[in-house]
Amino acid sequence: MFTIEHEFDHTAITLIDEGEEPRAEDATILAFEDCVVLEQIDPMLDEPVRITLSLSQVRDLMAALNLPEGVYPKR
């Protein structure tokens, strides 16, 4: 399951790991005009861990999800 919320300066998507035994904490993706921030609570520290990706990194990630194993230089 996931939720989508549109805010003034970003869109927030929350991925909820459902099932009989949830495997991970909910993950939130904050999409801004110039970057994307991934956020998830670290259950051991009970605080959020954040990773910021540039839009170029997001495009590379999207491409990588559909490619076989290998090294792919920029074109």
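1. Two salt bridges turn up in a search of the whole structure; a salt bridge here is a side-chain nitrogen of Lys or Arg within 4 Å of a carboxyl oxygen of Asp or Glu. The structure is a predicted model, in which local features need pLDDT of at least 70, side-chain atom pairs count only at pLDDT 80 or more, and totals for chains, interfaces and linings use all residues. Residues are numbered from 1 along each chain as its sequence is written, and side-chain values use heavy atoms, with hydrogens and water left out.

2. E39 and R50 form a salt bridge, with their closest N and O atoms 2.6 Å apart. This pair links distant parts of the chain, eleven residues apart: E39 sits in strand β4 (residues 35-42) and R50 in strand β5 (residues 47-54). Strands are DSSP runs (E, at least two residues), numbered from the N terminus.

3. R23 and D17 also meet through their side chains in a salt bridge, at 3.2 Å from N to O. R23 is exposed, at 72% relative accessible area, whereas D17 is buried, at 18%. Buried means under 20%, exposed over 50%, and partly exposed in between (1.4 Å probe, protein chains only).

4. H10 lies in the loop between β1 and β2 (11-15). H10 is buried because its relative accessible area is 18%. Leaving aside neighbours within four places in sequence, H10 is in contact with E5, L30, A31 and F32; contact means heavy atoms within 4.5 Å.

5. I4 belongs to strand β1 (residues 2-6).

Note on methods:
Helix = DSSP H or I, 4+ residues; strand = E, 2+ residues; numbered from the N terminus.
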